[in-house]
Amino acid sequence: MTPNMTYTTAIFYFLAAILVLAGLRVITARNPVHAALFLVLAFFTAAGLWMLLEAEFLAITLVLVYVGAVMVLFLFVVMMLDINLEHLREGFWKTLPIAGPIAALIVFEMVLILGSRHFGLEVMGTPAPHPADYSNTKELGRLIYTDYVYAFELAAVILLVAIVAAIALTLRRRKDSKYIDPAEQVKVKRNDRLRIVKMQAVKKPVEQMPEAGETGA
C-alpha cells in the first residue's frame with residue numbers, strides 16, 4: 001500500500017468497484033430475480049460509502065427503506081409474475097441505436113461532474129472530524145428545510161403526481177372487471193332494496209286427537 005493510499009481510500013475503491021459491477025449486473029442479468037438481488041447488493045455497498053462519508057442516517061435509511069421494504073416488495077412481485085423473458089428481449093437490438101448514444105451522454109455527464117473542480121474527489125477529500133455531540137440527522141434536516149426546501153417540495157409534488165397517475169392507470173374501467181360505485185350506493189333508498197309483500201295467513205289444520213278408549217293399530 002502506497003503512502004498516499006490510506007485504508008479509507010482502499011475501502012472506498014473496493015466498495016465502489018462492487019457497486020459498479022452490481023449496477024452493471026442489474027441491467028445485464030437475464031433473470032429478473034438475479035437483477036433484483038444485484039440491486040440489493042448495490043444498495044448495501046452504497047450504504048457502506050455513506051458510512052465512509054459519516055452520513056450514518058442516510059446509510060441506515062438506504063438499508064431499511066430501500067432494501068428492507070422497496071426491494072423486498074419488488075422481489076416478491078418479480079417472483080410472483082410470470083415474465084416472458086423472450087418477449088422482453090425481442091426489441092433490444094431495435095432500440096440499441098437510440099439507447100447507446102443516450103447511455104454515452106449520461107456517462108459523459110457523470111465524468112464531467114465528478115471530474116470538475118467543484119465536485120471532484122480531490123476537492124471533497126476526507127470529511128473533517130465532528131465533535132461528539134454532532135447530530136447527522138439534525139444537520140440533514142436543517143439543510144433540507146432551509147437551503148434545499150424548494151427542491152424538497154418539488155420532489156414531493158413529483159411523487160404526488162406519480163401516485164395519482166399510478167392510481168388513475170390502475171383504476172381504469174375494464175369490461176371484464178367488476179367494481180362498485182360508492183356514489184350509487186349512497187343514493188339508494190330503502191324502497192329500492194326492500195319490498196314488503198302482504199300475504200294471507202295460512203292456517204294449518206289441527207290434527208284430530210284419538211277419542212278415549214281408542215287405541216292405535
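Is Leu21 buried or exposed, and what relative accessibility places Leu21 there? The views below come from a predicted model.

**View 1. Leu21 on helix H1.** Leu21 has 55% relative accessibility, so this residue counts as exposed. The cut-off for exposed is over 50%. Leu21 sits in helix H1, which covers residues 7-28.

**View 2. A nonpolar patch that includes Leu21.** In soluble globular proteins, nonpolar side chains tend to be buried together. Leu21, by contrast, is exposed.

**View 3. The largest nonpolar core.** Ten residues make up this core. They are Ala36, Val40, Phe43, Ala46, Ala47, Ala59, Leu62, Val67, Met71 and Leu75. Helix H2 (32-52) and helix H3 (56-80) are the elements that each give two or more residues to the core.

**View 4. Val40 and its contacts within the core.** Neighbours within four places in sequence are left aside here. Val40 then contacts Val67 and Met71. Val40, Val67 and Met71 are among the residues of the largest nonpolar core.

**View 5. The whole chain, for orientation.** The chain holds ten helices and zero strands. From the N terminus, the elements run α-α-α-α-α-α-α-α-α-α. Of the 217 residues, 10% are buried. The chain exposes about 19,600 Å², with 68% of that area supplied by carbon and sulfur atoms. Among contacts with a separation of 6 or more, 56% join residues 24 or more positions apart.

Technical notes
Residues are numbered from 1 along each chain as its sequence is written. This is a predicted model: local features need pLDDT of at least 70, side-chain atom pairs count only at pLDDT 80 or more; totals for chains, interfaces and linings use all residues. Side-chain values use heavy atoms; hydrogens and water are left out. Patches are made of residues with over 30% relative accessible area and no salt bridge: like charges are joined within 9 Å, nonpolar side chains (Val, Leu, Ile, Met, Phe, Trp, Tyr) within 5 Å. Accessible areas come from the Shrake-Rupley method with a 1.4 Å probe; for residues, only the protein chains shown count as cover. A salt bridge is a side-chain nitrogen of Lys or Arg within 4 Å of a carboxyl oxygen of Asp or Glu. Helices (H or I, at least four residues) and strands (E, at least two) are DSSP runs, numbered from the N terminus. Buried means under 20% relative accessible area, exposed over 50%, partly exposed in between (1.4 Å probe, protein chains only). A nonpolar core is a set of buried Ala, Val, Leu, Ile, Met, Phe, Trp, Tyr and Cys residues joined through side-chain atoms within 4.5 Å. Contact means heavy atoms within 4.5 Å.
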